[in-house]
Amino acid sequence: MTALLEVEGLRVDLSLPAGVLHAVQDVSFHVEKGETFSLVGESGCGKTMTALAVMGLLPRSATRSAERILFEGEDITHAHERRMTAIRGARMTMIFQEPMTSLDPCYTIGDQLEEVLLEHRRVSRREARERAVFLLEKVGITAAASRLKQYPHQLSGGLRQRVMIAMSLMCGPSLIIADEPTTALDVTIQAQILSLLVSVQKEYETGMILITHDLGVVARTADRLAVMYCGQVVETGTVAEVFTRPLHPYTRGLMRCIPIPGKTRPGQKLDTIPGIVPTPIGDLRGCLFRNRCPHARPACAGEGIEEVRLTPGRSYRCILQPEENPEKAAA
Amino acid sequence: MLQYTLKRLVVTFFVILVVSLVSFMLIRVSGDPAIALAGEGATQQEIEYVRHHYGFDRPLIIQYVDWAKKALQGDLGESPYFNEPVLKMIRERIGVTMTLGVSALLFALFVSIPLGVLASIRPNTWIDRVALTISVMGQAMPSFWFGLIMIIFFGVTLRWLPISGSGSPAHYVMPTIALGYYATPAFMRLIRSGMLEVLSSDHIRTARAKGLRWGKILYKHALRNAIIPVVALAAVQLGFMLGGSIVIESVFALHGIGYLAWVSIGRSDLPVVQAIILLLSMIYVVLTFLGDLLNAFLDPRIRVR
Amino acid sequence: MSDAATHPGPNGAVAPDEGLGRQVVFPTPGQVMRMRMRHHKGFIFGAVFVLAIFLMAVFAPMLTSYNPYTQHLSHRLVPPVWDAKGTWKHPLGTDNLGRDYLSRLVYGSRVSLLIGFSCMLIAMVIGTLLGMSAGYFGGKVDMLVGFIITVRLALPAVLVAVAVVALIGGSMQVVILVLGCLIWDRFAVVLRTSTQQVCSMDYVDAARAAGCSTLRIMFREILPNLFNNLMVIATLEIGRAILLEAALSFLGMGVQPPTPSWGLMISEGKEYMLFQPYLITVPGVALFILVLGMNLLGDGLRDVTAPEGQA
Amino acid sequence: MNAGILRVENAAKVYRVSAGMFRGGLDLHAVSDVSFRVGEGEVLGLVGESGCGKTTMAKLILGLEALTRGNIFLEGRSVRKMGHREIARRVQPIFQDPYASLNPRKSIGAIISLPLRALGMGNRGEWDEKVREIMNLVGLPPRLRHNYPNQLSGGQRQRVAVARALIMRPRIVLCDEPTSALDVSVQAQILNLLIDMREAMGVTYILISHDLAVVEHLATSVAVMYLGRIVESGPAAEIFRHPLHPYTQTLLASVLTPDPRKGLPKVSLDAEYPNPIRMPPGCSFHPRCPRAQEICRSQRPEAREDGGRRVACHFPGPA
């Protein structure tokens with residue numbers, strides 16, 4: 001049974017005055033139905049670009065190329081914009097990071113919810129409103145009917161993010177892409193929004209791509225993940241596999257940087273990854289982490305840095321053999 | 001919404017008060033009105049008579065209060081030159097200036113909104129460059145000179161349009177273009193930058209992610225947000241244009257209050273000049289007030305607390 | 001890009017640097033500006049126009065041997081050289097009093113530039129002080145300045161200028177003073193918003209917390225960040241001041257004859273424009289080119305110093 | 001506990017928010033009745049969600065905002081009686097956003113030496129020497145002092161901010177979310193730098209953050225703020241192991257440590273974060289508190305103190 005979404009060899013290049021920035025280089029992954037797949041990485045690693053590329057929402061200055069993008073069995077690698085417009089919002093929806101600016105200030109919540117359904121389905125305005133009220137209640141918003149007449153600036157950040165979730169469910173999509181959905185929210189609200197996302201996803205059997213930089217969010221929410229660095233996927237696997245035995249030096253380094261209450265001794269110095277992320281402009285060869293990697297060796301600059309696939313779901317991009325990885329992760 | 005209106009009303013009242021004070025003092029302070037009114041070659045004795053007759057010898061404040069009291073009852077004094085009540089003269093001519101102002105504004109909006117929107121949708125294309133050229137040229141073109149050129153070209157050589165007077169609508173074509181063209185750049189620049197900003201905003205990206213048709217996104221979400229500042233600018237620009245009518249009306253000999261102001265200044269007919277300055281200021285203040293109201297109506301963030 | 005240079009890893013691991021993408025060295029804000037100036041067409045055209053007219057004004061005596069004031073009543077209304085009856089003695093012909101039109105045009109540029117520049121300076125001082133204090137202090141000061149701006153905008157600039165000049169008597173100094181005190185509103189409005197934006201940045205709080213006095217913060221920390229906005233507005237306002245002066249002179253309430261002012265020349269040429277159109281086209285085109293140059297320069301400055309240039 | 005290098009007594013800050021021309025202004029209680037004490041060399045963590053008043057508290061200590069009520073003592077002297085230059089000699093800030101806390105128009109050297117120049121400490125020659133010295137200390141190559149902020153990475157910029165704060169050796173450094181805007185790997189570098197600087201200069205930190213893991217790692221004592229009040233304070237180890245106040249317990253439960261075995265915490269806070277303008281009566285946390293009783297709705301709990309631990313709740317105790 002083919003996966004809900006299969007992406008092979010996705011590549012996104014941005015033309016900048018300083019040169020061509022390879023934001024996404026040869027990224028491949030797949031998402032099963034009802035599964036939460038997470039794209040993890042620090043800012044500028046290309047995770048949002050990857051999601052926008054799949055949705056076809058890239059800025060004008062970006063060029064996308066891919067060997068294959070299959071969505072619900074349909075090859076949309078070279079789908080025409082008209083076809084993509086029909087898919088976006090209906091079969092594949094997206095939730096963004098900034099709840100304060102993601103809604104149009106000049107229209108009511110109800111109007112913005114109903115317009116999705118009215119655009120994709122031939123339904124009456126009354127049916128669209130009923131669907132909107134039903135979903136607002138499902139995402140835990142009290143007095144849903146009266147909320148329809150309110151404007152975005154009258155709601156708090158947490159409430160607006162719930163509206164965005166409801167909006168993404170209006171047409172019953174099969175894939176939801178959430179780009180840092182809780183980064184702009186407070187800690188207590190974050191936990192609620194994440195549990196809401198997971199429960200909604202399980203109930204409607206949708207696939208979800210969760211984009212975040214917070215390893216804590218990934219550990220607690222995702223089923224499988226891909227770690228991205230400087231435009232490349234450096235490691236994939238299930239959350240249990242990667243967190244208990246990270247294979248790529250960057251993943252290991254990332255996990256050791258995080259102060260974990262109860263585990264890392266307070267006041268003791270944290271492990272760090274020295275140096276800065278290189279800017280992927282111009283020609284790129286070999287492993288892009290070698291200038292910061294403790295196990296770097298001349299071969300790392302060679303051509304042969306391909307993804308080592310241990311099992312279909314588990315892989316990493318490094319020439320080190322698994323057994324050569326000295327220490328276990330601190331998780 | 002109501003208390004937003006009340007707040008604006010109070011500010012408007014104070015502005016009118018201060019404007020009347022300033023325009024009153026400006027005229028009195030910048031030169032001896034008695035000499036100006038008495039005219040060249042007037043003997044000292046005649047100047048003294050004029051000073052006493054018009055009460056210029058009283059302290060300024062009392063002159064102002066006296067003037068303000070009468071102004072409130074609609075008596076803006078008498079023009080020494082035309083010896084007619086100033087209010088009547090203004091009422092006869094205000095129509096011409098208002099028609100010119102409004103049609104110039106419509107012309108400016110009619111040219112700048114489509115061009116501005118098109119330029120923002122396809123930035124750095126030929127349409128964008130055309131829009132920018134028109135806007136840069138508009139800002140650099142002296143409106144009076146542009147009027148004269150049109151007179152030569154359309155009026156004399158081609159004989160399409162009458163070159164002076166204010167009889168038929170045809171009389172207004174060239175003055176409208178001359179006055180309106182100067183305001184076009186401000187509108188076009190605002191609409192273009194407003195649209196560009198809105199088009200790159202998060203909620204337009206959300207609209208695209210919702211799979212809405214591009215036309216609908218443009219019209220319903222982008223233009224609706226970008227038009228808000230244009231309304232406020234329209235009110236301000238109309239005010240400026242009325243102020244600038246003095247130049248255009250003198251070029252095309254259109255008998256509006258601008259022309260009257262120019263003629264009165266020539267004869268230092270102070271009551272008329274001051275009345276026109278006050279009237280134009282009040283029109284500007286009322287226009288900006290209406291602009292704010294329309295703005296509040298369009299923008300729910302102000303309308304709904 | 002260093003070819004075989006090796007970059008010792010943090011703990012001595014060796015891996016060649018090459019192929020890690022070009023080491024992008026970010027230019028300083030100044031370099032970014034200069035780099036973009038070189039190929040911003042509008043900016044270059046603007047600079048060329050303004051410079052040309054500026055040189056024309058400075059080297060006026062070299063350009064024409066005629067004195068702009070001497071009248072040759074025998075050579076009245078001689079058409080310019082491109083006309084059939086034109087002569088090279090008066091390349092741009094003569095006006096209704098027989099004065100050489102080229103010399104009047106050249107010396108007229110001095111009037112326009114002088115008035116434009118000095119009005120802008122006065123307006124900049126008033127507008128910047130009002131705008132920055134409103135933006136920095138906020139609250140009551142902001143409301144008061146907002147009120148003053150509204151009153152200024154309510155007064156019709158051209159009308160008030162004409163009235164005041166008519167009463168005081170037209171001369172270059174009067175026009176400069178009057179216009180200078182009437183066109184500061186754009187400075188105030190723009191600087192008020194940009195000061196507010198800069199004040200919302202942490203480095204202003206950091207400067208305050210470091211012990212800087214208010215004046216030092218306003219002029220050493222905030223003003224440098226407003227400089228590009230200021231230059232853009234200043235350039236555009238010079239253009240606006242020149243147009244206003246020309247309008248005043250055209251209405252006869254600006255610079256008084258016989259001073260050579262382009263607006264005045266258009267006004268004087270008005271009577272004869274139907275037969276000798278050059279009398280108004282020549283000064284008009286000169287005016288247009290100067291103000292166009294100023295506007296192109298201003299818009300170019302705005303693009304060149306746009307904030308994303310810094311990010 | 002010595003007299004404390006910083007004492008805050010019943011500090012309060014109320015902003016007049018105009019709610020229309022005729023309805024007069026409304027009071028926004030950003031900070032109300034906050035008291036705590038910080039000893040020399042300690043690290044006090046001020047924790048709370050956005051809108052709880054921790055940034056306003058920072059501004060009060062830095063003298064950037066005037067106190068409405070109460071008092072703050074820096075080394076025994078009241079802030080009200082000190083000019084902002086005297087405050088500057090004792091306490092310096094490190095702000096959150098590395099892109100907004102450095103003046104883009106100034107060179108790195110000028111930015112770092114600003115406190116010295118503003119307070120007139122030493123002359124031009126010394127300034128350059130001190131800049132180079134502090135840059136080495138914070139791990140920045142001195143040659144960068146002629147560069148501009150836009151030429152540096154986020155981590156390097158935050159090091160410049162640290163250098164600026166420490167160059168004139170203040171007694172207290174107030175860090176307002178110093179690592180929140182940074183990536184995880186860079187955050188670790190900055191946290192280590194702060195630890196090094198504390199050991200090198202014995203400087204006292206006030207660490208303001210919403211990131212409990214960072215506070216738990218760095219702070220020696222903690223104060224938890226909610227809606228402008230301190231609901232619980234005490235030694236860091238105790239607060240994190242045995243929180244007594246229900247809000248602190250909910251906060252700690254919401255922290256997502258990267259442990260795949262644990263699922264998402266069951267956080268019971270249903271209502272939204274209340275609006276500081278219309279403060280709920282009694283204990284301001286009662287609308288969201290799982291243990292709210294009748295008394296909580298009517299009467300504000302007084303802070304009970306036992307051995308360095310303070311908690312303002314009618315029913316403190318383990319979850």
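Of the 305 residues that make up chain B, 52% count as buried, where buried means under 20% relative accessible area, exposed over 50% and partly exposed in between, with a 1.4 Å probe and protein chains only. The model is a predicted one, in which local features need pLDDT of at least 70 and side-chain atom pairs count only at pLDDT 80 or more, whereas totals for chains, interfaces and linings use all residues. Residues are numbered from 1 along each chain as its sequence is written, chains are lettered from A and ligands numbered from 1 in the order in which they are written, and side-chain values use heavy atoms, with hydrogens and water left out.

The secondary structure of chain B comes to 13 helices and zero strands, helices (H or I, at least four residues) and strands (E, at least two) being DSSP runs numbered from the N terminus. Along the principal axes, the C-alpha atoms of chain B fill a box of roughly 85 × 55 × 30 Å. Among the contacts in chain B with a separation of 6 or more, 72% are accounted for by residues 24 or more positions apart, a contact meaning heavy atoms within 4.5 Å.

Two packed helices are described by the angle between their axes and the distance between the axes. Helix H12 (residues 270-298) of chain B and helix H5 (residues 139-154) of chain C have axes that come within 8 Å and cross at roughly 125 degrees; axes here are lines fitted to C-alpha atoms, for helices over the stretch in contact, and angles run from 0 to 180 degrees between N-to-C directions. H12(B) and H5(C) are therefore oblique to each other, given that angles under 35 degrees count as roughly parallel, over 145 as roughly antiparallel, 65 to 115 as roughly perpendicular and the rest as oblique. From H12(B), the residues Leu280(B), Ser281(B), Tyr284(B) and Val285(B) meet Thr150(C), Leu153(C) and Ala154(C) of H5(C). By class, this contact of H12(B) with H5(C) has five nonpolar, two polar and no charged residues, with Ala, Val, Leu, Ile, Met, Phe, Trp, Tyr, Cys and Pro counted as nonpolar, Asp, Glu, Lys and Arg as charged, and the others, Gly among them, as polar.

Elsewhere in chain C, Arg104(C) is found in helix H4 (residues 101-137) and, at 0% relative accessibility, counts as buried. When its neighbours within four places in sequence are left aside, Arg104(C) is in contact with Pro68(C), Asp95(C), Arg99(C), Pro258(C), Thr259(C), Pro260(C), Trp262(C), Met265(C) and Glu268(C). One of these partners, Pro258(C), lies in the loop between helix H10 (214-250) and helix H11 (262-269) of chain C, and the peptide bond that leads from Pro257(C) to Pro258(C) is cis, with omega near -5 degrees.

In chain A, strand S8 (residues 175-179) is mostly covered, five of its five residues being buried. Leu175(A), Ile177(A) and Asp179(A) point one way from S8(A), while Ile176(A) and Ala178(A) point the other way. Four bridges join S8(A) to strand S7 (residues 92-95) of chain A, and the two run parallel; two strands are taken to pair if DSSP finds at least two bridges between them. Within S8(A), Ile176(A) is the bridge partner of Thr93(A). S8(A) also pairs in the parallel sense with strand S9 (residues 207-212) of chain A, over five bridges, and in S9(A) the bridge partner of Ile177(A) is Ile209(A). Together with helix H7 (residues 187-204) of chain A, S8(A) and S9(A) make a right-handed β-α-β unit, a crossover being right-handed if, with the strands pointing away from the viewer, the path from the first strand over the helix to the second runs clockwise.

In chain D, eight strands form an open sheet of mixed pairing in the order S6-S7-S8-S3-S9-S10-S12-S11. Its edge strands, each pairing on one side only, are strand S6 (91-94) and strand S11 (304-306) of chain D, and the twist averages 20 degrees from one strand to the next. Strand S3 (residues 43-47) and strand S8 (residues 204-209) of chain D pair in the parallel sense over five bridges, with Val43(D) opposite Tyr205(D) in S8(D).

Cys230(A), in the loop between strand S10 (224-229) and strand S11 (232-238) of chain A, has a phi near 55 degrees, a positive value in a residue other than glycine, and at 3% relative accessibility counts as buried. Leu227(D), likewise not a glycine, has a positive phi of about 50 degrees; Leu227(D) is placed in the loop between strand S9 (221-226) and strand S10 (229-235) of chain D and is buried, with a relative accessible area of 0%.
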